[in-house]
Amino acid sequence: MIEKKVKIINQAGLHTRPAATIVKLAAKFKSEFFISKDGFNINGKSIIGVMTLAAEKGSELILTFDGEDELEASETIIGYFKRGFDEL
Amino acid sequence: MIFEEKNIFKKDSITVEFFFKNVKERFNFTLLNEKPFGFEKVIREQSLNRPQFALTGFMDHFTESRIQVFGNTELKYLSLLDSNQRKESLEKIFERNIPCVILTESNQPFQEMIDLSQKYNIPLFGSTYPTTKLIYLIGDFLDDQFASRLSAHGSFVDVYGVGVLFVGRSGIGKSEVALDLVERGHRLVADDVVIFTKKGEGILIGSGTQLVQHFMEVRGIGLIDIRSIFGVRSIRYQKRLEVVIDLEIWDEDATYTRTGLDENLINICGVEIPQVKVPIVPGKNITVISEVIALNYLQKHYGEDAAKIFKERLDKKLQEKSSNNDRSIDYFEHDFE
């Protein structure tokens, strides 16, 4: 299991488009993927769940990956967070 | 691809015989010649022409390939001429290669018209309809005849009044979904072979073929007749195409829309139609999903787009920066129900 803390760095926060991209990226991997914010934990493969976080700029999330391809999954998704959802 | 260029066909011309046969009953047409002749002549244009200026001898821009319509104005003008002048005036028109002549509002032809029509082999028809109305109606009839048509392989069903076409590779279960929808009270337009006709700009009307009508092939049963099994409520003859549902086997590498914000359009004969890709996996009820797609289309049509509303809600919340994951109820206040 991999657990990583990430920060939202783009201006608009985790809005609809990046939320859709995250679930699409996550769906490519077999590993389970969870996102937790202020103790609220959701399944990262569910679009409604990811949007429910309503994570604005500066908020911190904990990403959890668990499964056979957890390493690739974490690299792909954390990379997307680090790029500011390609909105920087 | 289902909507290939080669599946589009278009009539170049219709014969006067075909035209007369089809409009006779519809628009109260009668043949004003004693015997039929010139029925082999062809109509290539969907517009009609009122000869007006041509009768005065002004033949510039005279559209001879069009059906010529003589209304009250033309006949009044001709009645003011003497027989020789009338013949001269009409001959300039009849000697051209016009397909046929129509007299409106039950007007009777002058003897010169009858003679000239015989001389130049041009059929003369009469109708009881007023000129403007007849021009509109025949224009619409010819527009339909000369419209682009497209044959598509799929099942076409009216779901809650929305014309839904199911496409996808052979054997994926299009007919079965259509059958299931009929069972739930929706109406089949056509199965397997659907002919779409372009009506005006931006409208495609689909119907079945004359031979097949509402017959359907179900793997393992063979041919069945939906109309005789489910009755008249289960079918309809034509429907506007509004949504294309593309059924496909779940593909792990393909991406399916998750929010519904990105509307996927498919261009058919120059008409943009929303297309929804539905992956098939065990345990998924395609029929119910199809009903929801139709209802969601109606919602959007009436101005309520769920995806957009949700996006706006989220954007607002992000702006407020008050993001705590509140329940939808603040406090349960001794309500344990």
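This is a predicted model: local features need pLDDT of at least 70, side-chain atom pairs count only at pLDDT 80 or more; totals for chains, interfaces and linings use all residues.
Let's start with charged pairs. The count over all chains comes to 18 salt bridges. One of them is in chain A, where the side chains of Glu60(A) and Lys5(A) meet at 3.9 Å, N to O. Glu60(A) sits in strand β4 (residues 60–66) and Lys5(A) in strand β1 (residues 2–7), so this pair ties together parts that are 55 residues apart in sequence. Glu60(A) is partly exposed, at 41% relative accessible area, while Lys5(A) counts as exposed, at 58%.

Over in chain B, Arg96(B) pairs up with Glu64(B), and their closest N and O atoms are 3.0 Å apart. This bridge also links distant parts of its chain: Arg96(B) is in the loop between α4 (83–94) and β7 (101–103), Glu64(B) is in the loop between α2 (52–55) and β6 (67–70), and the two are 32 residues apart. Both ends are partly exposed, with Arg96(B) at 27% and Glu64(B) at 28%.

Is Glu91(B) buried or exposed? Glu91(B) has a relative accessibility of 14%, so it counts as buried. Lys87(B), on the other hand, is partly exposed at 38%.

## The largest pocket

What is the volume of the largest pocket? It comes to about 1400 Å³. There are 43 lining residues, and the closest to the centre are Tyr256(B), Thr257(B), Arg258(B), Thr259(B) and Gly260(B).

The largest share, 7 residues, comes from α9(B). By type, the lining has 21 nonpolar, 9 polar and 13 charged residues.

## The second largest pocket

Next is a pocket of about 980 Å³. Of its 26 lining residues, Asp144(B), Gln145(B), Arg149(B), Thr197(B) and Ser207(B) are the closest to its centre. Which element gives the most to this lining? That's α6(B), with 5 residues.

The lining splits into 8 nonpolar, 11 polar and 7 charged residues. Domain 1 (11–145) and domain 2 (147–310) of chain B each supply at least three residues to this lining.

Key. Residues are numbered from 1 along each chain as its sequence is written. Chains are lettered from A and ligands numbered from 1 in the order in which they are written. Side-chain values use heavy atoms; hydrogens and water are left out. A salt bridge is a side-chain nitrogen of Lys or Arg within 4 Å of a carboxyl oxygen of Asp or Glu. Helices (H or I, at least four residues) and strands (E, at least two) are DSSP runs, numbered from the N terminus. Buried means under 20% relative accessible area, exposed over 50%, partly exposed in between (1.4 Å probe, protein chains only). On a 1 Å grid over the protein atoms alone, a cavity is a set of points where a 1.4 Å probe fits but cannot get out, and a pocket is an open set with protein on both sides within 12 Å along at least five of seven lines; lining residues have an atom within 4 Å of a point. Grid points are joined across faces, edges and corners, and a volume is the space filled by probe spheres set on the points. Ala, Val, Leu, Ile, Met, Phe, Trp, Tyr, Cys and Pro count as nonpolar, Asp, Glu, Lys and Arg as charged, and the others, Gly among them, as polar. Domain bounds come from an automatic or database domain assignment.
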